[in-house]
Amino acid sequence: MSDAAIHPLSSRRGGSLRGRVRPPGDKSISHRAFLFGLLTRGDLEIHGLLEGEDVLATGQACRQLGAEIVRHAPGRWSVHGPGLGALMAPRATLDFGNAGTGSRLMMGVVGSHPIEATFDGDASLRKRPMRRILDPLRQMGCQVIAEAEGGRCPITLRGPDAVSPILYRTPVASAQIKSAVLLAGLNARGTTTVIETEASRDHTEKMLSHFGAEIRVTVEGEGRRIDLVGQPTLRPAPVHVPADPSSAAFPIVAALIVPGSDIVVEGVMTNPLRSGLLTTLLEMGARIERLDERDEGGERVADLRVRASDLVGVDVPAARAPSMIDEYPILAVAAAFAKGRTHMRGLHELRVKESDRLAAVAAGLAAAGAAHEIVGDDLIVEGGAVGGGGVVETHLDHRIAMSFLVLGLASERPMAVDDAATIATSFPNFRALMEGMGAEFG
Ligand code: S3P
């Protein structure tokens with residue numbers, strides 16, 4: 001699979017950031033919207049879809065499995081699915097590009113249908129561990145026909161004629177593992193159960209219920225237990241995608257660290273299982289106000305007014321990691337500008353994201369001249385003056401690219417990233433949205 005062309009980009013300190021912005025639709029919900037469009041029979045309408053490369057790759061895979069997908073206007077899409085149990089065998093490899101979520105959730109879908117499909121992606125996806133998905137799928141009767149060394153892509157799966165429901169305890173707090181098992185359980189006769197000791201994002205559970213599946217979530221001694229009754233009739237119902245808190249994180253932190261800034265970030269999903277960064281920033285003394293809290297498409301959202309703030313370092317407990325797993329790179333940037341030490345604990349899962357994010361963040365902080373240390377799975381950042389002036393290797397990781405471009409908006413000297421092309425996977429209008437508030441790139 002070929003990787004996109006490489007685009008170096010740099011950012012520099014300018015005036016304060018001002019204005020109202022709406023970040024793109026949530027990536028997690030957008031992937032799931034396409035997947036549920038495939039699994040429901042009939043027309044599913046989507047409003048506010050993230051038109052990023054990752055989500056479009058999932059859409060393309062849904063087409064290869066028999067869905068008709070139409071774009072009516074920006075963010076406004078419809079999916080006409082063949083429905084659960086009626087997927088077509090794809091003629092070509094399913095190419096997920098950079099998309100871990102799309103590929104892993106789709107493995108649950110395909111691995112529970114009696115069809116054969118090959119999953120592949122870019123150099124980053126090919127490095128990501130997939131055994132965490134293949135193990136439960138094997139228990140459900142799926143055959144892994146081929147896999148690259150270490151359980152990596154390219155991977156070829158063939159689902160069984162009859163899927164066995166299982167009870168599965170996720171070995172790490174991961175919504176991707178939980179969702180792959182639940183999506184596979186949809187095509188099993190009987191009840192599939194997932195137990196997670198720490199709660200991970202609950203979009204799959206909410207959407208299953210939205211489309212009419214019988215699903216029960218209970219909190220018990222062992223953690224959070226999800227029971228899903230298989231082989232439901234999934235009825236299409238419109239999906240309204242709220243703004244992605246993981247993307248909102250970049251303009252929010254930018255406004256906090258660029259002196260004099262005062263912005264409003266609109267329509268940000270405030271689901272508590274996604275709000276760890278907000279909690280942490282407030283503890284650091286961030287001036288963030290929630291305005292006009294409301295419901296949008298089954299999720300709580302709010303407009304966030306963010307003003308430049310004097311941040312202080314804090315201790316971030318490991319238990320908070322699942323609710324802010326994608327936000328540590330940008331939190332590390334905020335921490336570099338805070339007074340004192342920020343200690344982020346229990347970051348082992350960061351090593352298996354789009355890049356080894358722990359190493360990539362440390363290298364980025366080093367390039368920016370920001371004092372930091374990795375101790376075991378913890379990242380410790382000593383805040384203070386940030387010189388900047390370096391070049392950061394992004395390793396095909398959109399969040400590394402955006403985080404260090406945000407850093408460059410407030411550091412003494414400009415900051416460069418070797419490749420900003422992957423930003424298009426999750427936040428295609430990042431540069432335009434940030435420039436609209438006064439950010440300077442070049
Ligand atoms: C996601 C879950 C998280 C997150 C990813 C999106 C999802 O991964 O990092 O960006 O949509 O389910 P894990 O569940 O593996 O932690």
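**Exercise 1. Determine how many residues of domain 1 are in contact with residues of domain 2, and describe the boundary between the two domains.**

Solution. Contact is taken as heavy atoms within 4.5 Å. On that basis, 25 residues of domain 1 touch 26 residues of domain 2. The model is predicted, with local features requiring pLDDT of at least 70 and side-chain atom pairs counted only at pLDDT 80 or more, while totals for chains, interfaces and linings use all residues. Residues are numbered from 1 along each chain as its sequence is written, and side-chain values use heavy atoms, without hydrogens and water.

Next, the bounds: domain 1 comprises 9-25 + 244-441 and domain 2 comprises 27-230, as given by an automatic or database domain assignment. Over C-alpha atoms, the centres of domain 1 and domain 2 are 28 Å apart.

Finally, the area buried between domain 1 and domain 2 is about 2,100 Å², with 50% given by carbon and sulfur atoms. Buried area is the accessible area (1.4 Å probe) that two parts lose on being put together, summed over both. On the side of domain 1, Leu-273, Pro-322 and Thr-425 lose the most area to domain 2, together 26% of what that side buries.

**Exercise 2. Describe how helix α4 packs against helix α5.**

Solution. Two packed helices are described by the angle between their axes and the distance between the axes. Helices (H or I, at least four residues) and strands (E, at least two) are DSSP runs, numbered from the N terminus. Axes are lines fitted to C-alpha atoms, for helices over the stretch in contact, with angles from 0 to 180 degrees between N-to-C directions.

The axes of α4 (residues 131-139) and α5 (residues 175-185) come within 10 Å and cross at roughly 30 degrees. Therefore α4 is roughly parallel to α5, a term for angles under 35 degrees. The crossing is right-handed, meaning that the near helix is turned clockwise from the far one by less than a right angle.

Arg-132, Ile-133, Pro-136 and Leu-137 of α4 meet Gln-176, Ile-177, Ala-180, Val-181 and Ala-184 of α5. By class, this contact has 7 nonpolar, 1 polar and 1 charged residues. Ala, Val, Leu, Ile, Met, Phe, Trp, Tyr, Cys and Pro count as nonpolar, Asp, Glu, Lys and Arg as charged, and the others, Gly among them, as polar.

**Exercise 3. State at what angle α3 and α4 cross, and which residues make the contact.**

Solution. The axes of α3 (residues 100-110) and α4 come within 10 Å and cross at roughly 10 degrees. The two helices are therefore roughly parallel. Arg-104, Met-107 and Gly-108 of α3 meet Arg-132, Ile-133, Leu-134 and Leu-137 of α4. The residues divide into 4 nonpolar, 1 polar and 2 charged.

**Exercise 4. Locate Gly-346 and name its contacts.**

Solution. Gly-346 lies in the loop between β19 (341-344) and α10. Apart from neighbours within four places in sequence, Gly-346 is in contact with Ala-318, Ala-321, Asp-377 and Asp-378.

**Exercise 5. Which residues does a cis peptide bond join?**

Solution. Cys-153 and Pro-154 are joined by a cis peptide bond, with omega about 5 degrees. Pro-154 belongs to strand β9 (residues 152-158).

Conventions
Parallel < 35°, antiparallel > 145°, perpendicular 65-115°, else oblique.
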